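Please work through the exercises below with the sequence and the 3D structure at hand.

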Amino acid sequence: METNADKLRRQNSIIQGIKQSSDESLILMLEEFRESGESFIIPAIIEQLFANRTEKFTLEAISFLADLKEQSCVPMLIEGIETFRNNPDISSLVSVCWQCRLSFVDELPLFFDLITTADFQTAFEAFTVIENAAEDLTSDSLSHWINFTKDAVSKASQERVGLLNEVLLVLEDFKSRV
């Protein structure tokens, strides 16, 4: 039976392997991780997503993350977004959040912040996360985010107004149904 210390050593060894492996080896590891389902590797995969890796690895890593099915992975994805939010490629990690179809209702403040402050591609990905989460919001939460969005529209640049108006339409549509 594996002790906690042994488990921690094994996990640390795997994480070091992730950080030191070639892109080809990492892609093979991702396939193994899909089978084993051990979530401790997710932060290391996210870190490598923003390291100097090939496009092939990036696409495989995004696909791997988009296949996550455990709600317990959400905090790791959010931490990755917060850590790398100033990276020009952050939109790819934000897109994982709508692709994986996990619930991000509790994380909406981050996505509303991204929709109002991030580059347009990242804001658009955040919009999609918000759109997916809207169906799970309570009437009070919908009212809160509708008011937030109306306020954001009044302060937004012309480029951002269209996207924020789309958010408003989605939220008001869901509000009309609850």
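The exercises that follow concern a predicted model.

**Exercise 1. The buried residues of a helix**

Task: Identify which residues of helix α5 are buried, and state what covers them.

Solution. Step 1: Helix α5 spans residues 74-84. Step 2: Within this helix, V74, M76, L77, I78, G80 and I81 are buried. Step 3: The cover over these buried residues includes α3 (42-49), α4 (55-66), α6 (90-99) and α7 (108-117).

**Exercise 2. Aromatic pairs**

Task: Classify the pair F104 and F111 and the pair F112 and F148 by the angle between their planes, then decide whether F112 and F148 are buried or partly exposed.

Solution. Step 1: A search of the whole structure finds six aromatic pairs. Step 2: For F104 and F111, the distance is 5.8 Å centre to centre and the angle between the planes is 85 degrees. Planes over 60 degrees apart count as edge-to-face, and the pair of F104 and F111 is edge-to-face. Both residues are buried. Step 3: The ring centres of F112 and F148 are 5.5 Å apart and their planes lie at 80 degrees, so this pair is edge-to-face. Step 4: F112 belongs to helix α7 and F148 to helix α9 (residues 139-155); the two are 36 residues apart, and the pair links distant parts of the chain. Step 5: F112 counts as buried because its relative accessibility is 1%, under the 20% limit. F148 has a relative accessible area of 31% and is therefore partly exposed. Step 6: F112 and F148 form one aromatic cluster with W145.

**Exercise 3. The largest pocket**

Task: State the volume of the largest pocket and describe the residues of its lining.

Solution. Step 1: The volume of the largest pocket is about 220 Å³. Step 2: Its lining has 13 residues, and F33, R34, G37, L68 and K69 lie nearest its centre. Step 3: The lining divides into six nonpolar, two polar and five charged residues.

How values were computed:
Residues are numbered from 1 along each chain as its sequence is written. This is a predicted model: local features need pLDDT of at least 70, side-chain atom pairs count only at pLDDT 80 or more; totals for chains, interfaces and linings use all residues. Side-chain values use heavy atoms; hydrogens and water are left out. On a 1 Å grid over the protein atoms alone, a cavity is a set of points where a 1.4 Å probe fits but cannot get out, and a pocket is an open set with protein on both sides within 12 Å along at least five of seven lines; lining residues have an atom within 4 Å of a point. Grid points are joined across faces, edges and corners, and a volume is the space filled by probe spheres set on the points. Ala, Val, Leu, Ile, Met, Phe, Trp, Tyr, Cys and Pro count as nonpolar, Asp, Glu, Lys and Arg as charged, and the others, Gly among them, as polar. Buried means under 20% relative accessible area, exposed over 50%, partly exposed in between (1.4 Å probe, protein chains only). Helices (H or I, at least four residues) and strands (E, at least two) are DSSP runs, numbered from the N terminus. Contact means heavy atoms within 4.5 Å. Rings of Phe, Tyr and Trp (its six-membered ring) pair if their centres lie within 6.5 Å; planes under 30 degrees apart count as stacked, over 60 as edge-to-face and the rest as tilted.
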